[in-house]
Amino acid sequence: MRAIWNNPLGREIVLILIVKIVAVFAIWWVFFRPIGAHPQLDANQVSAAMISKQQTVAQPTITQPATRSRQDD
């Protein structure tokens, strides 16, 4: 290991590998880490969630553009 560390190219390769490992760990920690303990759902809970009444969603209001009147001509 000392021979690699004394060589400038070997030192650069080792430092780049360390930086890449730290970067991959940081990306995993930000995006893929388990946030909290999620209890396992059983078949009854899944079926109750799928069959239960869905909430009604308000439909968006669509406004038509104003029409030109004959007086504008």
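Predicted model: local features only at pLDDT ≥ 70, side-chain atom pairs only at ≥ 80, totals over all residues.
Helices here are DSSP runs of H or I with at least four residues, and strands are E runs of at least two, numbered from the N terminus.

Residues are numbered from 1 along each chain as its sequence is written, and side-chain values use heavy atoms, leaving out hydrogens and water.

**Exercise 1.** Work out the fold pattern and how far to trust each part.

*Solution.* Start by counting: the protein chain has three helices and zero strands. Reading along the sequence gives α-α-α. Now check confidence: α2 has the highest mean pLDDT of the elements, 93, while α1 (residues 2-6) has the lowest, 74. For the protein chain, the mean is 81, with 85% of residues at 70 or more.

**Exercise 2.** Find F32 and decide: buried or exposed?

*Solution.* First, locate F32: the loop between α2 (8-31) and α3 (43-51). Next, apply the cut-offs: buried is under 20% relative accessible area, exposed over 50%, partly exposed in between (1.4 Å probe, protein chains only). F32 counts as exposed because its relative accessibility is 59%.

Notes:
pLDDT = per-residue confidence, 0-100.
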